[in-house]
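Open the model in your viewer and keep the selection tool ready. The stops follow in order.

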Amino acid sequence: MDLQENRERMRRGELYHAFVSDLTADRARCASACRRFNNAGDVSRRQSLELWKE
């Protein structure tokens, strides 16, 4: 199963391989973005959006 097919199966709610390298990297990137956003404190709306773009 190629990586794109695996991702499509995930999006459709079908069984897929959750611990392939690209999905693992995406989860780590998302967790990092959530930590930055949650630890940013009182920042402007523009700064909040910049945190999500990183």
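## Stop 1: one side-chain pair

Select Asp22 and Arg7: their side chains make a polar contact at 3.1 Å. A polar contact is a pair of N or O atoms within 3.5 Å; within protein, one must be able to donate a hydrogen and the other to accept it, and residues adjacent in sequence count only if both atoms are side-chain atoms. This is a predicted model, where local features need pLDDT of at least 70 and side-chain atom pairs count only at pLDDT 80 or more, while totals for chains, interfaces and linings use all residues. Residues are numbered from 1 along each chain as its sequence is written, and side-chain values use heavy atoms, with hydrogens and water left out.

Now show what Asp22 touches (contact: heavy atoms within 4.5 Å). Leaving aside residues up to four places away in sequence, Asp22 touches Leu3 and Arg7. Asp22 itself sits in helix H2, residues 21-38. Helices are DSSP runs of H or I, at least four residues, numbered from the N terminus.

## Stop 2: H1 against H2

Select both helices. The axes of H1 and H2 come within 9 Å and cross at roughly 55 degrees. Axes are lines fitted to C-alpha atoms, for helices over the stretch in contact, and angles run from 0 to 180 degrees between N-to-C directions. H1 and H2 are therefore oblique to each other. Pick out Leu3, Asn6, Arg7 and Met10 on H1, then Asp22, Leu23 and Asp26 on H2; these make the contact.

## Stop 3: H2 against H3

Move on to H3. The axes of H2 and H3 come within 9 Å and cross at roughly 160 degrees. The pair is therefore roughly antiparallel (angles over 145 degrees). On H2, select Ala33, Cys34, Arg36 and Phe37; on H3, select Ser48, Leu51 and Trp52, and you have the contact.

## Stop 4: color by confidence

Color by pLDDT, the predictor's confidence in each residue, from 0 to 100. The chain mean is 90, and 98% of residues reach 70 or more. Confidence is lowest in H3 (residues 45-53), at a mean of 83, and highest in H1 (residues 3-11), at 94.

Definitions and conventions: Helix = DSSP H or I, 4+ residues; strand = E, 2+ residues; numbered from the N terminus. Parallel < 35°, antiparallel > 145°, perpendicular 65-115°, else oblique.
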